Amino acid sequence: MCNEKFHVENDPPGEQLTVNHCAVAGTIATGNGHSQLQEFSASLNLPIMTTKTYKACHVKLQMHWEKVSVESMNQAAAKERELALSENRVDKNGIPIIDVVVDGCWSKRTYKKNYSALSGAAAIIGRKTGEVLFLGVKNKYCAICAQAENRKQEPKTHECYKNYSGPSTAMDQKFSSKVLGVPLTCIT
Ligand SMILES: [Zn+2]
């Protein structure tokens, strides 16, 4: 309307998250990966970033998200703590007592076959605030370890996602018994 022309930056200099990071964040948030982003970009006639760039963005976002989720869980724990203290719900040592809701999952869905997923997840939620106090993921599979095992070689140094080796059916119990201790000690 004013007849002026402006240059609008969608990736302002100095910003921590570039347009590539934003694209990767959106891809992850919608449950997709690099190949889906590739199809989407092709529809828009946009050149796609390489898998290497995608992975680098993924790693950076992962670090940010982990930091933010820990901060958010600590804040939720502090709120639960304050609420318990305001009601004088403390044990004999003065440690606040809070109520939590815990559930773990691992999928059994398959095509008419018995199947146990190789990863499971669990969360602990404060009853008063309804906010997440802790979440955990257990994986029995790592692609790099599996490839090395097939070749009967030692795996190269890598960030291994395998953090569980028991039967999948025991994941639920593991979460509710062992993992449960973590947020409760945080709160005290
Ligand atoms: Zn591994």
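A residue counts as exposed when its relative accessible area is over 50% and as buried when that area is under 20%, a pair of cut-offs that the legends below rely on in this predicted model.

View 1. Of the 188 residues in the protein, 22% are buried. Among contacts between residues at least 6 apart in sequence, 49% join residues at least 24 apart.

**View 2. Confidence along the chain.** The mean pLDDT of the protein is 85, with 87% of its residues reaching 70 or more. Confidence is highest in helix α2 (residues 34-43), at a mean of 96, and lowest in helix α6 (residues 181-187), at a mean of 40. Over residues 178-188, where pLDDT stays under 50, the model has 18 contacts beyond four places in sequence.

**View 3. Helix α1 and its buried side.** In helix α1, which spans residues 19-29, the buried residues are H21, V24, A25 and T27. These residues lie on the same side of α1, because they cover an arc of only 160° around the axis. The elements that cover the buried residues of α1 include α2 and α3. After α1 comes G31, whose phi is positive, near 75°.

**View 4. The crossing of α1 and α3.** The axes of these two helices, α1 and α3, come within 9 Å and cross at roughly 75°, and therefore α1 is roughly perpendicular to α3. On the α1 side of the contact are N20, H21, V24, A25, T27 and I28, which meet T53, Y54, C57, H58, K60, L61 and W65 in α3.

View 5. The strands form an open sheet in the order β1-β2-β3, with antiparallel pairing. Its edge strands are β1 (100-106) and β3 (132-139), each of which pairs on one side only, and neighbouring strands are turned by 10° against each other on average, direction ignored. Strand β2 (residues 119-126) is joined to β3 by seven bridges, and the bridge partner of I124 in β3 is F134. Helix α3 (residues 51-86) lies across β2 and β3 and runs at about 135° to β3.

**View 6. Helix α4 and the residue that follows.** Helix α4 covers residues 143-150, and its buried residues are C145, A146 and A148. The arc that they cover around the axis is only 165°, which puts them on the same side of α4. K152, which follows α4, has a positive phi, near 55°.

View 7. Most residues other than glycine have a negative phi. Because its relative accessibility is 70%, N45 counts as exposed. N88, also not a glycine, has a positive phi of about 60° and lies in the loop between α3 and β1. With a relative accessible area of 64%, N88 is exposed.

Definitions and conventions: Residues are numbered from 1 along each chain as its sequence is written. This is a predicted model: local features need pLDDT of at least 70, side-chain atom pairs count only at pLDDT 80 or more; totals for chains, interfaces and linings use all residues. Side-chain values use heavy atoms; hydrogens and water are left out. Two strands pair if DSSP finds at least two bridges between them. Helices (H or I, at least four residues) and strands (E, at least two) are DSSP runs, numbered from the N terminus. Axes are lines fitted to C-alpha atoms, for helices over the stretch in contact, and angles run from 0 to 180 degrees between N-to-C directions. Contact means heavy atoms within 4.5 Å. pLDDT is the predictor's confidence in each residue, from 0 to 100. Buried means under 20% relative accessible area, exposed over 50%, partly exposed in between (1.4 Å probe, protein chains only). The arc is that of the directions from the helix axis to the C-beta atoms. Angles under 35 degrees count as roughly parallel, over 145 as roughly antiparallel, 65 to 115 as roughly perpendicular and the rest as oblique.
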